[in-house]
Amino acid sequence: MCFIIVLFGTTLFTTIEPAQLPSYFPRCYQDDRNINECFINAANSLNQYVRSGIPEIGLRPLDPFVSPDLNLTIESPITDIAASAQRFTFYRLYNYRLNSAEVRPKDGAINGTVTLPDVGLSADYQVHGHIVNLPLSGSGDAKVEFGNIICDFLIDNWLEKFSCNEIKLEMSCKIEDVKMNLTGIPNEDATNTLINLSSKLVASELSPAYSNIFKLLFRPFLKRLCRKYPLDHLFPLSS
């Protein structure tokens, strides 16, 4: 079980001005039988624009991205930790790859799978408890390098008959591997070594937490985008 409280001292997305898509945005049409392939190619063509930010849709630069402060609890048979983090900073979020997608403008829905191959993270943290049965208590600096993070997502209720507050986002992420370096914990070198010897198991324990973190960061953007662009405006008819 995973609980996350996000303290919104900062946001991923800025105030959005008049609705006009950037000229470099590829267009996909809802009556195109290859709309899914079009959307995949379009999304994967925007990595460098996402990296430096897209003001027209209120997206600020994503490399690095400093998230709101977090309070986090993870409970499982082998992990029970309570942690808080400040200056929670992601690196290389822009380097995503959309692997598959199904776009259904008439249903107000998009689902798919995206891979983040090399996300990095740094934070100031405080933690108490144990992870994969290893005691883990202290405070200091955390530096984390993730292997592939593979996320399945579903966006739903993006329809004019619904309020944008009703837009739904579901995410389920699997972290394949993780390497951590934590300062300020007892037996620092030995504990880091033991954590990293069990890195795939640690990654599995962290996966539900990061599913929720990404969901909490991305949903406000979807709500803003929904208020600015109906889905059938992003995916218009070809004529």
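Q: Contact means heavy atoms within 4.5 Å. Leaving aside its neighbours within four places in sequence, which residues is phenylalanine 90 in contact with?
A: This is a predicted model, in which local features need pLDDT of at least 70 and side-chain atom pairs count only at pLDDT 80 or more, whereas totals for chains, interfaces and linings use all residues. Residues are numbered from 1 along each chain as its sequence is written, and side-chain values use heavy atoms, with hydrogens and water left out. With neighbours within four places in sequence set aside, phenylalanine 90 is in contact with Leu62, Pro64, Phe65, Ser67, Val119, Gly120, Leu121, Tyr210, Ile213, Phe214 and Leu217.

Q: Which residues have the most contacts inside the largest nonpolar core?
A: A nonpolar core is a set of buried Ala, Val, Leu, Ile, Met, Phe, Trp, Tyr and Cys residues joined through side-chain atoms within 4.5 Å; buried means under 20% relative accessible area, exposed over 50% and partly exposed in between, with a 1.4 Å probe and protein chains only. In soluble globular proteins, nonpolar side chains tend to be buried together. Here the largest core has 75 residues, and those with the most contacts inside it are Phe90, Tyr210 and Phe214.

Q: Which element provides the largest share of this core?
A: Helices (H or I, at least four residues) and strands (E, at least two) are DSSP runs, numbered from the N terminus. Twelve residues of the core, the largest share, come from α4.

Q: Is the aromatic pair of phenylalanine 88 and phenylalanine 90 stacked or edge-to-face?
A: Rings of Phe, Tyr and Trp (its six-membered ring) pair if their centres lie within 6.5 Å; planes under 30 degrees apart count as stacked, over 60 as edge-to-face and the rest as tilted. The structure holds eight aromatic pairs. For phenylalanine 88 and phenylalanine 90, both of them buried, the centres are 5.3 Å apart and the planes stand at 85 degrees, a pair that is edge-to-face.

Q: Why is the pair of phenylalanine 218 and phenylalanine 221 tilted?
A: Both residues lie in helix α4, three residues apart, about one turn of the helix. Phenylalanine 218 is partly exposed at a relative accessible area of 28%, whereas phenylalanine 221 is buried at 8%. The pair is tilted because the ring centres are 5.6 Å apart and the planes stand at 40 degrees.

Q: Within what arc do the buried residues of helix α3 fall?
A: The buried residues of α3 (188-197) are Thr191, Asn192, Ile195 and Asn196. They line one face of the helix, because down the axis of α3, with directions taken from the axis to the C-beta atoms, they fall within an arc of 130 degrees.

Q: Which exposed residues lie on the face of α3 turned away from its buried side?
A: The buried residues of α3 pack against β8 (134-135), β12 (178-182) and α4 (199-228). The face turned away from that buried side carries Asp189 and Leu197.

Q: Which residue in β10 is the bridge partner of threonine 113?
A: Strand β6 is mostly covered, with seven of its eight residues buried. An antiparallel pairing over seven bridges links β6 to β5, where glutamate 102 stands opposite asparagine 111. Strands β6 and β10 (149-156) also pair in the antiparallel sense over seven bridges. In β10, the partner of threonine 113 is aspartate 152.

Q: Which elements do the buried residues of α1 pack against?
A: In helix α1 (35-44), the buried residues are Ile35, Phe39, Ile40, Ala42, Ala43 and Asn44. Those residues pack against α2 (47-52), β5 (97-104) and β6 (109-116).

Q: Leaving aside its neighbours within four places in sequence, which residues is cysteine 226 in contact with?
A: Cysteine 226 has its place in helix α4 and counts as buried because its relative accessibility is 7%. With neighbours within four places in sequence set aside, cysteine 226 is in contact with Trp158, Cys164 and Ile167.

Conventions
Two strands pair if DSSP finds at least two bridges between them.
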